[in-house]
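Please read them with the structure open.

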Amino acid sequence: MAQTIVLANQKGGVGKTTTTVNLAASLAAMERRVLVIDCDPQANASSGLGVDVSGVRNSVYQALFDPRAASRAIIGSDMDFLKILPATPDLVGAEIELSGERDREFMLRAVVQGVEKDFDYILIDCPPSLGLITINALCAARWLLVPLQCEYYAMEGIAQLMKTYGLVKERLNPKLDILGILLTMFDKRNKLSFMVEREVRDHFGELVFSTAIPRNVRLSEAPSHGLPAILYDIRSLGTQSYISLAQEIIECPRLQPQVQEA
Ligand SMILES: Nc1ncnc2c1ncn2[C@@H]1O[C@H](COP(=O)(O)OP(=O)(O)OP(=O)(O)O)[C@@H](O)[C@H]1O
Ligand SMILES: [Mg+2]
């Protein structure tokens, strides 16, 4: 059964999609069966993995309202172990259309439950909001990964997300736990990056991944070629950092199957 990880932060441009795409590609390179579910109408994760969004007929949008449509909507990528449930711009309407559904917070959960046996990891990329689509993603996952950009006010932005996480866990999805906070766009020439890192590590301790993702131009170039960075420039520091994050997640004791006590 897949480990389902939602990547969320209501702040825009913090590295959610870059992390989804490159963590997914790194896990797939290690021969883990990975599904990326793109829940952002901007569809950046889909296009960043080479999907021509204008040609997509079945997307996460159709799957939300008919979970059986999910298996038809899942498509392959340039990597054998990596598959995508793409987004299309019409997903923007789902925010309102979902609100009329009885199980409106759990529509994506039904999609995940239908496909999780086929994968080792399912990564869900969220839009930059805490609307109903993000709530669906938080209700469909077991783990929350929070990308945090190393910049001023990083901690302020995370407070609202933690509040939402707490509410979802209390009322909707008690199984949701924080997998980790990931420092992104770390710039070692900038003292601010080190200050933010110290503050975040002091406050969240063990919950912060050891791996921090550096600011790296290869990571920002790769999506325009429709490729994850590992296929664009495997030796770049950005690629190597995401490989190291994937390793950290694969080895994370909390993600191992429960060992039965003797
Ligand atoms: N480590 C990095 N080094 C350099 N550029 C990066 C890095 N991470 C992300 N970027 C760039 O920063 C921009 C924002 O990143 P990304 O799209 O991953 O953020 P996001 O949180 O998904 O944004 P949104 O909230 O709009 O969905 C993109 O142009 C991306 O290429
Ligand atoms: Mg994004």
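1. Conventions. This is a predicted model, in which local features need pLDDT of at least 70, side-chain atom pairs count only at pLDDT 80 or more, and totals for chains, interfaces and linings use all residues. Residues are numbered from 1 along each chain as its sequence is written, chains are lettered from A and ligands numbered from 1 in the order in which they are written, and side-chain values use heavy atoms, with hydrogens and water left out.

2. Largest pocket. A pocket here is an open set of points on a 1 Å grid over the protein atoms alone, where a 1.4 Å probe fits, with protein on both sides within 12 Å along at least five of seven lines. Its volume is the space filled by probe spheres set on the points, which are joined across faces, edges and corners. The largest pocket holds about 600 Å³. Its lining counts 27 residues (those with an atom within 4 Å of a point). Nearest the centre are A2, Q3, T4, E116 and R142. Two or more lining residues come from each of β1 (3–7), α6 (107–115), α7 (132–140) and α12 (237–251). Helices (H or I, at least four residues) and strands (E, at least two) are DSSP runs, numbered from the N terminus. α6 gives the largest share, three residues. By class, the lining has 14 nonpolar, six polar and seven charged residues. Ala, Val, Leu, Ile, Met, Phe, Trp, Tyr, Cys and Pro count as nonpolar, Asp, Glu, Lys and Arg as charged, and the others, Gly among them, as polar.

3. Second largest pocket. Its volume is about 360 Å³. There are 24 lining residues, and T18, M185, L219, S220 and P223 lie nearest the centre. α1 (16–29), α2 (44–48) and α10 (217–221) each supply at least two. α1 gives the most, five residues. The lining divides into 12 nonpolar, 11 polar and one charged.

4. Cavity. A cavity is a set of grid points where the 1.4 Å probe fits but cannot get out. The model has one cavity of 30 Å³ or more. The largest cavity has a volume of about 40 Å³. N9, K11, V14, L148, Q149, E151, A154 and G157 line it. β6 (143–149) and α8 (154–171) are the elements that give two or more of these residues. The lining has three nonpolar, three polar and two charged residues.

5. Q149. This cavity-lining residue sits in strand β6. Leaving aside neighbours within four places in sequence, Q149 contacts G13, V14, A154, T184, M185 and R215 (heavy atoms within 4.5 Å).

6. Helix α7. How many of the residues of α7 are buried? Nine of the nine are, so the helix is largely enclosed by the rest of the structure. Its cover includes β1, α5 (91–97), α6, β5 (121–125), β6 and α8.

7. Helix α8. Buried positions include A154, G157, L161 and V168. The buried residues of α8 pack against α7, β6, β7 (177–184) and α9 (191–204).

8. Most residues other than glycine have a negative phi. A43 has a positive phi of about 55°. A43 lies in the loop between β2 (34–38) and α2 and, at 2% relative accessibility, is buried. M185 also has a positive phi of about 55°. M185 lies in the loop between β7 and α9 and is partly exposed at 21%.

9. Cysteines. The structure holds zero disulfides (pairs of cysteine sulfur atoms within 2.5 Å). For C252, the closest cysteine sulfur is in C126, 20 Å away, too far for a bond. C252 is buried at 13% relative accessibility. C150 is buried as well, at 8%.

Terms used:
Buried < 20%, exposed > 50% of the residue type's maximum accessible area, 1.4 Å probe, protein only.
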